[in-house]
Amino acid sequence: MFFLRNQKNSTATDQELVQLYKQDGDIRVLAELYQRYMDLIYAVCLKYLKDQEAAKDAVMAVFEELVPKLLKHEVDHFKGWLYMVAKNFCLMQLRSQKQMHIVHDEDIMQLTETLHLNGVFEKEEQLNQLSKCIDNLSPDQKQTVQLFYLQEKCYKEIAVITDSDWNKVRSLIQNARRNLKICMEKDIISD
Amino acid sequence: MKVEKNNIKYSAEDIRKYLDGQLTEQEMQALEKAALEDPFLSDAIEGIRESRNHKVSFESGVEELQKRLTERIREKNRTSAMVLLFSKWRIAASILFILGIAVLTLTYINRKTRKTEIAKSPGSDSGMVKTPSTTPAVNSDSDKSDMTLNQQVITEKKIRKKKLLPFNYDKAPDSSIVKPVERPADYSSKSSDTVALSIAAIPSNSKNKATDPITTESPKKRKEYKSEGFASMTPASTALNEVTIVGYGTAKKKDISSSTTKPDTQNFADVSGWVAFRNYIDSNKKILTADSILRGDEVISFVVNNKSKLSSFKIEKSISLAHDAEIIRLVKEAPPLKITRGKKKRLHISISFN
């Protein structure tokens, strides 16, 4: 970013830049912070809007939204907060265009699921329950999960091993994670 | 790929490498694992995969966005600079306005103070009314002046009995008659060249063609007036007031306004009612605008007919538009003049604004 070459904040952390922007309200500081994630935000907008020009406009519009929002809100984790702002903006765009698709797809729900699973994995005593639940998965899901988590194979390798494609492997793993979560919650309630 | 607190911070470049198969299997698995934990990364991977279905590359899109963001920042800076610039202009305009008000106020105060000083200061050379005892030059004539006043009153009565005075002479304010007035400084050394309109100011110069009501009488009667002490009234030539009737008597071109050179001004003596006319102008002249700071003589000419109607006003010498308007107003509102000979006359008068 040539306009940021003379900036002294290039090594500052996200949180430091957030505080600096809150103090001075200098839009250049916000621009420096934003450009760190702008390519990822563009990618996210592309995912939802499926149109490059609309995605570019959305990226600029999100920046404009940040200008007042970041001054008002207390933001502890800028990256996560920025993702939520960008995603909500894209979903609102889709809603306003009456092109709203199913919002609660597995990918969007992933965050909550992951947090719960993380908690489960951290507990040693629940590992036995987890292995029970893995045994209860369908053969495809069980094989994929074992290859991915235990043998640490990537999607591409798993696709070769199971003789399927990348998307199917990904879908199997995501479904297996959801089923495991349900299984673990059931066991906790029954206990 | 940056490692941050035991977590790998993936960039769009890492995703591109992942999608292009440029990462090792371990790296790919780590990224996939991270994507399962991080919805932002997961969505970004899907977005970049989506971009591969479009003609324009993801990288060129990012490049364009960087330009747009740069432009956005420049725009903001320009706006800030403009705001600063406008605020500077606003300050400059305010200062100019305040200075303007201050100058006008000072001018007004100065004018008021000057007027007060003129009114209070007897030694002023402004040509305003002065008591005889204040100036040595006048002092020498003060006794004469007092005597002149008494004689003048007596003479007036006599003349009135003989119906020689103009019909409006008795309308003149008494003060104008009884107070000898000082000549303007410019005329101090040329008192014999110009003649005041006061009856007492009639010169005895035989060359003078003046035909004041008194002087229109026969030489026999004139002698009679002289014998009654009228001749002693000549010192009243010092009573030349701010209103100078030019072109009367033996005025020289170099001494007074150029307007006096006009030949028809020689007919002044055929007009009556000058005293009241002059006194009215003296006591009423005022300039209320900022032009009041301008000094000098204003000369106007006009035609008076035998019905005392004034017409054909012409400004011969102007100080300012405000002075022109004031002199015309004064002439129009002043007590009427009457010509005693002929149907109409063009007259020139000069008023000093000091």
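Residues are numbered from 1 along each chain as its sequence is written, and chains are lettered from A, with ligands numbered from 1, in the order in which they are written. Because the model is predicted, local features need pLDDT of at least 70 and side-chain atom pairs count only at pLDDT 80 or more, whereas totals for chains, interfaces and linings use all residues.

Chain A contains 10 helices and 0 strands, where helices (H or I, at least four residues) and strands (E, at least two) are DSSP runs numbered from the N terminus. Along the sequence, the pattern of chain A is α-α-α-α-α-α-α-α-α-α. Chain B, in turn, has 9 helices and 8 strands. Buried residues account for 30% of the 191 residues of chain A and for 32% of the 354 residues of chain B. A residue is termed buried if 20 or more other C-beta atoms lie within 10 Å of its own, exposed if 12 or fewer, and partly exposed in between, with C-beta atoms placed from the backbone. Two residues are in contact if their C-beta atoms, placed from the backbone, lie within 7 Å. Among contacts between residues at least 6 apart in sequence, 58% in chain A join residues at least 24 apart; for chain B the corresponding value is 74%.

A nonpolar core is a set of buried Ala, Val, Leu, Ile, Met, Phe, Trp, Tyr and Cys residues joined through C-beta atoms within 7 Å. The largest such core has 60 residues, and those with the most contacts inside it are Ile41(A), Tyr42(A), Val44(A), Cys45(A), Val59(A), Ala86(A) and Ala44(B). Helix 3 (residues 38–49) of chain A supplies the largest share of this core, 10 residues. Apart from this core lies another, of 21 residues, among them Phe277(B), Ile281(B), Ile327(B) and Ile349(B). When residues up to four places away in sequence are not counted, Ala44(B) touches Leu40(A), Ala43(A) and Val44(A) as well as Ala12(B) and Ile15(B).

Helix 3 of chain A has 12 residues and reaches 16 Å from its first C-alpha to its last, close to the 16 Å expected at 1.5 Å a residue; the expected span is 1.5 Å times one less than the number of residues. Of the 12 residues of this helix, 12 are buried, so helix 3 of chain A is largely enclosed by the rest of the structure. The buried set includes the charged-type positions Asp39(A) and Lys47(A). Helix 3 of chain A is followed by Lys50(A), whose phi is positive, near 60 degrees.

Helix 5 (residues 78–96) of chain A, with 19 residues, should span 27 Å, and its end C-alpha atoms are 27 Å apart, which agrees. Its buried residues are Leu82(A), Tyr83(A), Ala86(A), Lys87(A), Phe89(A) and Cys90(A). These cover an arc of only 155 degrees around the axis, which puts them on the same side of helix 5 of chain A; the arc is that of the directions from the helix axis to the C-beta atoms. On the other side of this helix, Asn88(A), Met92(A), Arg95(A) and Ser96(A) are exposed. The buried residues of helix 5 pack against helix 3 and helix 4 (52–72) of chain A, together with helix 3 (39–51) of chain B.

In chain B, strand 5 (residues 296–305) and strand 6 pair in the antiparallel sense over 5 bridges; pairing requires at least two DSSP bridges between two strands. Val304(B) has Leu310(B) in strand 6 as its bridge partner. Ser308(B), in the hairpin of these strands with 4 residues between them, takes a positive phi near 65 degrees. Ser312(B), in strand 6 (residues 310–317), has a positive phi near 50 degrees and is exposed, with 10 other C-beta atoms within 10 Å.
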